[in-house]
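The sequence and structure come up next.

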Amino acid sequence: MAGHAKWQNVKHIKAEKDRQKQLMCNKYAFLIGLAVREGGADPKVNSKLASLLEQAKKNNVPSSTLENALKRSNNKKTKFGSVEILSPGGCFIVLEFETDNISQARHEIKTACKKHGASVLSGEGRWRAVYEQKGIIKAVQTKSGEPLDAEKALDIAIEAGAEEVNSKDDEAAPYLEFRCAPGDLNQVKKAIEQQYEVEDSYVGYLPIVTVELDKETSTVVDNLLEDLGSLPDVVRIYENVK
């Protein structure tokens with residue numbers, strides 16, 4: 001039984017890493033699409049695109065993913081959407097996607113939800129009882145070459161009009177996350193870019209109400225998140241598990 005339990009733990013860790021890997025690939029595909037629409041598909045003249053491609057390769061994003069992202073970015077039919085999902089245990093999920101076939105994307109999302117006893121909610125806006133929206137800016141390095149310093153960044157954040165800044169870490173490298181009011185995102189981003197290289201900026205969802213799940217339900221929700229994260233059109237997933 002001990003061996004079985006150990007395998008279950010290893011399996012759980014692997015599943016989480018696989019989900020994070022897939023979400024990272026989807027995120028880069030989305031960012032590459034934005035960069036192409038802003039500055040064209042030639043990395044030689046589009047420095048933002050060149051930087052994203054370099055970062056993606058460092059993070060071991062498959063070349064096929066990058067090639068598909070470049071092809072899709074020239075598709076003017078591509079649209080951005082979101083769905084709200086209620087999962088077992090009362091976990092409220094907000095999922096964002098980008099696709100050229102919204103009906104198919106929503107069908108795939110509903111199929112994954114049904115498999116794990118979750119449901120896609122009709123209508124939109126229920127997230128307001130669970131989340132608050134914030135402008136989020138991810139700064140990956142200073143333009144001066146100095147190490148990232150959260151204390152120094154606080155002064156810059158205040159001057160830029162950000163509400164707070166936090167030091168974060170992922171599998172690739174540490175970064176600073178600035179948060180601000182959604183309506184201030186563009187002006188805060190421009191101010192932050194004077195001091196930092198900004199990898200990503202978007203309006204995200206931060207939970208103000210959280211739920212605590214028992215072990216069995218937590219496993220169900222983890223499996224749901226893993227399946228949702230593996231869908232090619234999914235860009236970001238927010239959940240409110242404590």
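## Salt bridges and a helix face

Glu54 is partly exposed, since its relative accessibility is 47%; here buried means under 20% relative accessible area, exposed over 50%, and partly exposed in between (1.4 Å probe, protein chains only). This is a predicted model, where local features need pLDDT of at least 70, side-chain atom pairs count only at pLDDT 80 or more, and totals for chains, interfaces and linings use all residues. Residues are numbered from 1 along each chain as its sequence is written, and side-chain values use heavy atoms, with hydrogens and water left out.

A salt bridge is a side-chain nitrogen of Lys or Arg within 4 Å of a carboxyl oxygen of Asp or Glu, and by this rule the count comes to 10. Among them are these:

| Pair | Closest N and O atoms |
|---|---|
| Glu54 and Lys58 | 3.6 Å |
| Lys115 and Asp227 | 3.1 Å |
| Glu199 and Lys138 | 3.0 Å |

Glu199 sits in strand β7 (residues 196-207) and Lys138 in strand β4 (residues 131-142), so this pair links distant parts of the chain, 61 residues apart; helices (H or I, at least four residues) and strands (E, at least two) are DSSP runs, numbered from the N terminus. Both Glu199 and Lys138 are buried.

In helix α3 (residues 63-73), Leu66, Ala69 and Ser73 are buried. Seen down the axis of α3, its buried residues fall within an arc of 60° (taken from the directions from the helix axis to the C-beta atoms), so they line one face of the helix. Ser63 and Lys71, on the other side of α3, are exposed.
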